[in-house]
Amino acid sequence: MSPLIRTILRRLRSAAVLLFVLWHLTFLVLTNATIHSEAIDATVGKYESYLGLDQRWGMFSSPLWRSAPFPAARIAFDDGSTEEVSSTNEPADMTRYARLSGWRQRKLEHYLITIDVERTYQEPMLRRLMESYVARWKREHPGDVRKPVRVTLLRRDFTMPVPGEPWEAKPTPVTTEKITFKLTE
Amino acid sequence: MLRHWQRTASGMSTDELQTMTNEATSFWRDLPRTAWRAVVDFWTKPVRAEPLAMMRILAAICVLASALTSIAPNLSALWFDDGLIPADVASQYMGHGGRFSVLNGVTSQPAIIAWFVLWMVSLLFVLFGCFTRTACAVAWLLALSFNMRVFWALNGGDDVGLHLLFYLMISPSGAAWSIDALRRRLRTYRDPPQGFESPALRPAMEPVLIPPWSVRLIQIQLIAVYLLNGINKLNLEHTNDYLTGEAVYWALNDVSLTRFAYDMVPFPMWLCRLLSWGTIVFELGFPILVLIPRLRPWALVAGVLFHVGIFATLEIGWFSQMTLCYYPIYLKGHAVERFAAWLVRAKRGKKYIVCYDTFCPVCRRSKFALELMDVGRRLTYRDIHDRAAMERDLPGVPYARALKELLVVAPGGKITGGFDAFRSLAWVLPALWPVLPLMYLPGVPIIGRWVYQAVARNRYRLVKCDDGVCNLHLMALSKQTLNEDEIAKVVQRAREAAGASQEAPANAT
């Protein structure tokens, strides 16, 4: 390769690097400053989402949660009786538990009970979650002849005590019904 | 400046006043140029590659561990089509959100498992720095794909891990502490023309320098993470938990996040307040502190404590560990090298003696590779043809054995040869640590010894060999006992023929 071509290639490479650095810095500034416009969303926004470079950092921002929500399932049986199945992530005793793992399931459950159930395209996830609770109930009650016919997704909020007050071992949660599914075989 | 004015007030000669005025004028005149030079240097002056290499290794370990502990056990529950997140729901999300994933629409479980295995293999390549750029690109693409498939089950740790792989992909992260670097350095090795090694001809161990722009982008990214987190914590629309000092209390009482029940580890309120305010000070202060070289170590130490605290109290996955992977990028190259050396210097001053055949091209190349990997400078070398030194360090070891295999004397005096010698060296060569456990697996030593002996037997067939010394080795390999005087004569003749008998290394350390 002649020295001239090598020089041209080197310069082109430097120019490409310079353009990329300037572009990436612009991206960091615009996304983190949460500046929105159609043009920005069409360029910077796509760069962010396609490459998975999500910014907008705001972990543990104020105000922090005052209650901890967990999902639960209310299963209705063919004989008219009902039973509540709580999440495996919900501590049995709020004053005594330790966790080593399970954050990913907790994250998904937290998301599912906080979304607007009207966003229909995500409804299959809620159904799958409830079906998994029913399946767990069946595994835990192999001899029970009752047949589950409906399941309701419940949101159970455990209010955290204000500073100076202790947790109860089994506090009563505030329960909200989210969505009900009919069960088929 | 104040002193200058005091002196002026107390009486200063005209010349002194003129000099001072000139200095001040030139300072202000040169300021834009100096500032511009500093900016240009910041973005263009090459930097050492070791900090980036350390970041690569830490990131690969963290992403690998995160995937094996939080993705592999959940593949069926979250990534398979019949799990909690059906493939078509994930596809709809990706369509709406402009997301990309090679798993988009994939419903076959074996296919998902195959992609996962490929991801893990690519991360191992990133870890060892083998075809680093390609491996980083594959690892990033698959991390992105697995993340986007379960977007609702991600947290900050997944984002940070993905960013790390992206930055590793665009940077020369395999320039140091990698198989790529080793291969590149080995290519620079030139066999000595006289047929045996002379210390003067050994290639110099220059530090590897890389263009700084990718390193700067990585540094700016972490600064953005902390700064934005800090700014968003100062949200004044509501009563601010950080300003009231209750933020840490509420975080520690969030039973959906915490590692332990608050009642088991009840932080007193004064400590919660201190930690809440400390969090704000740290996150807002990090960008400034880390830019001031003298304060940078303190900023990094504070960051380590901050993340260790988060890890110890909150079960939120790999956010802290992933973020700490960024930290080496703020260190200077020599500091990272010193740290690596410190890791393998448990017994300071105790060296391993490596006895190698200076007349054997394969052995010389192997010894060069050992030098490249010896970041802790734990190895010292002996020429096996230096019989006096050999008698001193390896009394009773026959010449014939030394000709047949690499010998290593451990600090405790234990002598090992061949595969076992390499295995004992692997303890002090960090590059070999990942394979060290494999070397102790049942059956591996037997295979390793057999392979080593096969290579050693044929080493003169692997390279061009047309001098008398090669014949000597062939004789040695075919006989159990050799006449030491005859060997000494052949070696001496070879050295004289090369016209370098004066340079012959008595001790090639």
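User: Which side chain meets Arg106(A) in a salt bridge?
Analyst: Glu315(B) does, at 2.3 Å, N to O. Keep in mind that this is a predicted model.

User: How many salt bridges are there between chain B and chain A?
Analyst: The count is four.

User: Which helix of chain B gives the largest share of the side touching chain A?
Analyst: α10(B), with 10 residues. Several helices of chain B supply at least two residues each, among them α3 (50-71), α7 (132-149) and α8 (156-170).

User: How many residues does each chain bring to the contact?
Analyst: Chain B brings 77 residues and chain A brings 58.

User: What area is buried between them?
Analyst: About 6,100 Å². Carbon and sulfur atoms give 62% of that.

User: Which three residues supply more than any others on the chain B side?
Analyst: Trp152(B), Trp250(B) and Val255(B). Together they supply 13% of the area that chain B buries against chain A.

User: Buried or exposed?
Analyst: Met1(A) counts as exposed, because its relative accessibility is 65% and the cut-off for exposed is over 50%.

User: Which residues form a nonpolar surface patch with Met1(A)?
Analyst: Leu4(A), Ile5(A), Ile8(A), Leu9(A) and Leu12(A). With Met1(A) included, the patch has about 630 Å² of accessible area.

Note on methods:
Residues are numbered from 1 along each chain as its sequence is written. Chains are lettered from A and ligands numbered from 1 in the order in which they are written. This is a predicted model: local features need pLDDT of at least 70, side-chain atom pairs count only at pLDDT 80 or more; totals for chains, interfaces and linings use all residues. Side-chain values use heavy atoms; hydrogens and water are left out. Patches are made of residues with over 30% relative accessible area and no salt bridge: like charges are joined within 9 Å, nonpolar side chains (Val, Leu, Ile, Met, Phe, Trp, Tyr) within 5 Å. Accessible areas come from the Shrake-Rupley method with a 1.4 Å probe; for residues, only the protein chains shown count as cover. Buried means under 20% relative accessible area, exposed over 50%, partly exposed in between (1.4 Å probe, protein chains only). Contact means heavy atoms within 4.5 Å. Buried area is the accessible area (1.4 Å probe) that two parts lose on being put together, summed over both. Helices (H or I, at least four residues) and strands (E, at least two) are DSSP runs, numbered from the N terminus.
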